[in-house]
Amino acid sequence: MTHHLKKTAVAACAAAAALALTGGTASAAPSTVWAVSPSPAAFTAVNAGNIVLTATIPMTCTASNASGTMASTTGNPANVASITTMNFGTSGAPCTSVLGNVTTVAVTPWSVVAVDYNSATGVTTGYIGNVKANVSAGVCKFTVTGKASATYTNSTGVLAVNSVAGELAVSNPVNCGAIVTTSTKPTFKGNYAVKVAGTSTVPTIVGSNP
């Protein structure tokens with residue numbers, strides 16, 4: 001009887017430990033309420049460092065900017081902002097590649113989509129959606145579509161775009177030979193400093209699940 005009770009106690013303790021471990025590592029429910037401040041508002045974004053689109057070869061922009069509108073919303077995933085203009089390069093500082101200067105014409109609107117929020121760091125994780133851009137690098141021309149993983153940090157106002165291979169796709173390559181094909185998996189990487197339009201105010205995004 002004593003041996004049986006000991007085995008029962010051990011089993012019960014193991015079950016309790018397993019339950020505690022499961023409860024301790026369970027992820028929090030995803031945010032469904034997104035408070036954007038100020039809201040609604042227009043925003044501007046300017047590159048902080050180089051912006052690089054890689055489609056077999058890197059195409060680097062030392063100047064890039066965007067603008068659009070942002071607003072509080074609900075849902076998951078949730079569109080917290082719309083990018084209505086997206087520019088890569090300027091006449092005085094064009095984007096460059098080994099194939100020559102690069103012209104990238106964004107077909108907007110693009111969306112800023114929130115998926116997860118870390119209250120300890122103030123970082124929203126999500127992606128830039130509805131991406132479409134027509135790219136010319138020398139005589140090579142192609143279209144890029146898809147999405148690009150991104151994070152937004154409230155303390156710095158930095159929208160960090162860091163896509164991974166497979167999120168963006170190439171279509172309609174012309175005069176690109178084997179360098180850029182429909183099998184190419186482009187990436188889009190770079191940081192943008194976001195401000196409320198016409199001010200020095202950094203907007204914030206806070207996710208919650210009431």
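Trainee: Leaving aside its neighbours within four places in sequence, which residues is T124 in contact with?
Mentor: T124 touches W34, A114, D116, Y117, A150, T151, Y152 and I205. Keep in mind that this is a predicted model.

Trainee: Where is T124 placed?
Mentor: In strand β11, which covers residues 123-137.

Trainee: Is T124 buried or exposed?
Mentor: Buried. Its relative accessible area is 5%, and the cut-off for buried is under 20%.

Trainee: New topic. How many disulfides are there?
Mentor: The count is two. One joins C61 to C95. The other is formed by C140 and C176.

Trainee: Start with C61 and C95. What is the S to S distance?
Mentor: For that pair it is 2.0 Å.

Trainee: Which parts of the chain does the pair link?
Mentor: Distant ones. C61 sits in strand β4, residues 57-61. C95 sits in strand β8, residues 95-97. They are 34 residues apart.

Trainee: Why is the disulfide of C61 and C95 called right-handed?
Mentor: Because the torsion about its S-S bond is about 110 degrees.

Trainee: Are C61 and C95 buried or exposed?
Mentor: Both are buried.

Trainee: Now C140 and C176. How far apart are their sulfur atoms?
Mentor: They are 1.9 Å apart.

Trainee: Where do C140 and C176 sit in the chain?
Mentor: C140 is in strand β12, residues 140-153. C176 is in the loop between β14 (168-174) and β15 (187-196). This pair also links distant parts of the chain, 36 residues apart.

Trainee: What is the handedness of the link between C140 and C176?
Mentor: Right-handed, with 95 degrees about the S-S bond.

Trainee: And their burial, C140 and C176, buried or exposed?
Mentor: C140 is buried at 2% relative accessible area. C176 counts as buried too, at 8%.

Trainee: What is the pairing if I number the bonded cysteines in sequence order?
Mentor: It reads 1-2, 3-4.

Trainee: Let's switch to sheets. What is the order of the strands in the open sheet of three?
Mentor: The order is β6-β1-β16, and the pairing is antiparallel.

Trainee: Which are the edge strands?
Mentor: β6 (73-74) and β16 (204-208). Each of them pairs on one side only.

Trainee: What holds strands of a sheet together in general?
Mentor: They pair through backbone hydrogen bonds, either parallel or antiparallel.

Trainee: How many bridges do β1 and β6 pair over?
Mentor: Two, in the antiparallel sense; β1 covers residues 33-37.

Trainee: Which residue in β6 is the bridge partner of V33?
Mentor: T74.

Technical notes. Residues numbered from 1 in each chain as written. Predicted model: local features only at pLDDT ≥ 70, side-chain atom pairs only at ≥ 80, totals over all residues. Heavy atoms only, no water. Disulfide = S-S within 2.5 Å. Helix = DSSP H or I, 4+ residues; strand = E, 2+ residues; numbered from the N terminus. Buried < 20%, exposed > 50% of the residue type's maximum accessible area, 1.4 Å probe, protein only. Contact = heavy atoms within 4.5 Å. Pairing = 2+ DSSP bridges.
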